[in-house]
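Hi,

Here is the structure I promised to pass on. Have a look at it first, and then read my notes below.

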Amino acid sequence: MIERLQISNLRNLTQVDLQSTVCNLIIGANGSGKTSLLEAIFLLSRGKSFRHHQPKRYIQHHKNATTVHARLNDASTLAIQKQADATTLLRLNQTTVYNQSILTEQLPTLLIDPSTMDMLEQGSASRRQLLDWLVFHMKQGFHPQWVAYQRLLKQRNSLLKKTQHLTQVQLAELRSWDKGLSNHAALIHHYREQVFTEWQPYFAKSIVQLLPEYAEQLSLSYSAGYDTSVALDIQLNERLEQDLQLGYTRIGNHRADIHVYWRSDDDKSTPSSEYADSSDMIKPKALKEQAANVLSRGEKKLLITALRLSQLPLLLESKAEAMSTHNGLSPKATPVVLLDDVTAELDNRAIQILLSTLAQLPCQVFMSSLTDDIVPLIKDLWPHPIVFHMKQGQISSFL
């Protein structure tokens, strides 16, 4: 858990130094800097912003770098410095480290904000990352496999872009890469499938809480991105000519996806354990429509909130197991939930359910709000919350 947070030169936050607790509410007008404070915590945990990937866009004007430093409740410290040219300096306990994953393990951060509300309609990347965040923290072997897969994929795509006619040397090299991709892909899919299966009941329970009227109609599915009944390198070889024409690799772990499907009233009798096929899908048989095409915008926000919120109890259960086996998630890692504009597009009932659920979980919460209307509810749910007021990049205790 973060006890002290220091931020310098991030957007309009010139110098911020605050002491935090389990529940922290930041109140302020649009443009005051409250979202930037959440962005700083996310940057420290993930090594990137959730608002823009280019550091020069979030580093304060006329400044060379932004720095975020945190002291956790176990006295360990984490720090990140991002320079305008994207050069990154990472520190753990005053020692330089070279992999962002080291800080991510120490500070697992879950974001719920308006910018993620189009996740259901956008490309697969954000939905895949949603699953991979869980897999990263629950399966210790996942990250090395993912890094190796991404490296080989980058090399393969680079070669595909250069030419449509491979020499014998290039073809031999590509087949070697494909074999490596296939080996990594099998393990990545294995980890993802395991975690997805564990995640499903938590998602179902979260739907019952947030969208009870649709609990029997919403179903979560996972696609591996390729036919897992056949080795990936064999499929890549069969599709090589098309990949050469297009200049990129069309199938593999990098095309994995998760979807939420809507089952109509006529299909409720179909057992959810029946499968449409046995290749790369884990989904019920008679699914008629993607949920994004049926639900209202407010309902979609509740659905996405359910997706993210359902990950927390599973992560915490994994943490408890890790503490007993000394594997997987670091015993020191307390999940941090970032809720930006918590009341946006949610009715009072949904807000009550969301916050009461969070209050029952052993996690730290930073949330922002335009008004102080939510303060009484916060004080009812958390024994000693801290309420801050943000104005023009300056933060102070709320009176």
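Cys-23 is buried, at 1% relative accessibility (buried means under 20% relative accessible area, exposed over 50%, partly exposed in between, with a 1.4 Å probe and protein chains only). Cys-363 is buried too, at 3%.

Before you go on: this is a predicted model, where local features need pLDDT of at least 70 and side-chain atom pairs count only at pLDDT 80 or more, while totals for chains, interfaces and linings use all residues. Residues are numbered from 1 along each chain as its sequence is written, and side-chain values use heavy atoms, with hydrogens and water left out.

How many disulfides does the structure hold? The count is 0, a disulfide being a pair of cysteine sulfur atoms within 2.5 Å. For Cys-23, the closest cysteine sulfur is in Cys-363, and 9.5 Å is too far for a bond.

Now the holes. The whole structure has 2 cavities of 30 Å³ or more (on a 1 Å grid over the protein atoms alone, a cavity is a set of points where a 1.4 Å probe fits but cannot get out; lining residues have an atom within 4 Å of a point). Volume here is the space filled by probe spheres set on the points, which are joined across faces, edges and corners.

The largest cavity has about 40 Å³, and its lining includes Ile-112, Asp-113 and Lys-301. The second largest cavity also holds about 40 Å³, with Leu-120, Arg-127 and His-259 among the residues that line it.

Cheers

Terms used. 1 Å grid on protein atoms, 1.4 Å probe; cavity = no way out; pocket = protein on both sides within 12 Å on 5 of 7 lines; lining within 4 Å.
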